[in-house]
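I opened my notebook to look up a few things in this structure. The entries follow in the order I made them.

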Amino acid sequence: MWRLVVVNLLFASSVLAINGKCRILALGGGTDKGAYQAGAIIGLIQNLPSGEAVWDVVTGNGVGAFNAIILGNYALGQESSAISVLNNTWNTFTPNQFYKQWPGGEITGIYWEKGLFDTSPMGPTINKKIPSTFQRWTAVGATDLVSGNYVLFNSSFLDSETMAIGVKASLATQGEFPWIPYSNLQLSTGCIKYTVDILDAVTACTNKGYTTDQMFVDVVMVAGKTIQQIDASKFKTPDVFHRYLEISAFQDTMRVEETVNHDYPDVTVRNLIFPSQTLNSSSLPYDYDASELRAQIALGMSDAKSPNVTLSYYMAFQ
């Protein structure tokens with residue numbers, strides 16, 4: 001499968017991090033449950049043993065890219081400082097922080113624009129969260145609609161302005177949000193290629209000098225292991241599209257364990273977290289009220305500390 005890295009990913013480091021481990025946090029996308037994911041990150045920070053939430057490498061796709069850059073503000077060992085920001089960001093989130101209607105509404109988006117909604121508000125929102133200098137290795141993924149290649153934006157070599165372009169592209173859900181131009185590329189969400197990017201995280205740890213048996217991964221997905229049966233007879237076009245995204249993300253969650261076991265048999269996946277309960281959906285992206293956002297955060301925190309976050313549990317109930 002073709003892959004494109006915006007800049008050379010190879011770099012060397014002779015210093016191995018705490019206890020000779022390379023800790024990875026891989027944040028998935030594919031749905032708009034960013035508040036759930038933020039809750040799970042908070043739960044991991046609060047419940048992992050001391051020093052084990054010190055993630056050397058963070059990757060994010062889709063909404064995971066947005067949560068990844070929040071963590072990028074904090075140095076290794078300062079993860080607890082991110083808790084209040086993650087909490088406040090999603091507790092106070094409103095859809096108009098990411099998008100607004102075009103003049104003329106969705107009809108304008110369908111016939112005259114590159115997406116159903118105008119994402120001009122997304123740039124300022126990302127700029128408020130992105131660090132001027134990343135404090136840990138952070139990468140977000142996009143998909144080039146021209147070539148079909150996966151495009152990785154890597155904080156080790158790119159400035160914050162370029163990383164912000166990568167985050168906006170990673171959030172550009174196909175059909176809903178316009179694709180993002182960058183150089184000669186036309187970028188949409190990285191979730192088209194990979195709902196969660198573990199490969200580049202493993203590569204980053206390898207380039208830091210680690211072997212695969214020294215790598216420990218925490219994965220936070222935003223789709224559940226089960227999918228609720230629903231009556232779609234009254235669905236309109238946006239409802240059908242969101243149901244498609246929900247089913248697609250659910251299927252990708254199921255593939256994570258198979259991919260990890262096949263491609264990285266020596267890598268330890270410590271946690272694979274996904275919603276243990278069905279979360280409310282909306283016909284419009286990210287359109288949740290305050291109580292729904294609180295419920296997402298609370299469930300994420302709960303799932304991150306319950307026994308069912310382990311890979312062995314996930315495998316046992318396949």
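**Entry 1: the disulfide**

I began with cysteine 205, which counts as buried because its relative accessibility is 0%. Buried means under 20% relative accessible area, exposed means over 50%, and partly exposed lies in between, with a 1.4 Å probe and protein chains only.

Before going on, I noted that this is a predicted model, in which local features need pLDDT of at least 70 and side-chain atom pairs count only at pLDDT 80 or more, while totals for chains, interfaces and linings use all residues. Residues are numbered from 1 along each chain as its sequence is written, and side-chain values use heavy atoms, with hydrogens and water left out.

I then looked for the partner of cysteine 205, and found that it forms a disulfide with cysteine 22, the sulfur atoms being 2.0 Å apart. A disulfide is a pair of cysteine sulfur atoms within 2.5 Å. The structure holds one disulfide. Cysteine 22 is in strand S2 (residues 22–27) and cysteine 205 in helix H7 (residues 199–207), so the pair ties together parts 183 residues apart in sequence. Helices (H or I, at least four residues) and strands (E, at least two) are DSSP runs, numbered from the N terminus. The torsion about the S-S bond is about -75°, so I wrote down the disulfide as left-handed. Cysteine 22 also counts as buried, at 0% relative accessibility.

**Entry 2: salt bridges**

How many salt bridges does a search of the whole structure find? It finds six. A salt bridge is a side-chain nitrogen of Lys or Arg within 4 Å of a carboxyl oxygen of Asp or Glu.

I looked up glutamate 52 and lysine 21, whose side chains meet at 3.3 Å, N to O. Glutamate 52 is in the loop between helix H1 (34–47) and strand S3 (57–60), and lysine 21 is in the loop between strand S1 (3–5) and S2, so the pair ties together parts 31 residues apart in sequence. Glutamate 52 is buried at 10%, whereas lysine 21 is partly exposed at 22%.

Next I took arginine 270 and aspartate 218, which form a salt bridge at 2.6 Å, N to O. Arginine 270 is in strand S9 (residues 268–273) and aspartate 218 in strand S8 (residues 215–220), 52 residues apart. Aspartate 218 is buried at 0%, and arginine 270 is buried at 17%. Salt bridges that share partners join Lys21, Arg23, Glu52, Asp218 and Arg270 into one network.

**Entry 3: helix H2**

Is helix H2 (residues 63–71) mostly covered or mostly open? I found it mostly covered, with nine of its nine residues buried. One of them is asparagine 67, which has a relative accessible area of 0%. Leaving aside neighbours within four places in sequence, asparagine 67 is in contact with Leu27, Gly34, Gln37, Ala38, Ile41, Leu86 and Trp90. Contact means heavy atoms within 4.5 Å.

**Entry 4: helices H3 and H9**

The axes of helix H3 (residues 82–91) and helix H9 (residues 290–305) come within 9 Å and cross at roughly 150°. Axes are lines fitted to C-alpha atoms, for helices over the stretch in contact, and angles run from 0 to 180 degrees between N-to-C directions. Asn87, Trp90 and Asn91 of H3 and Leu293, Arg294 and Ile297 of H9 make the contact.
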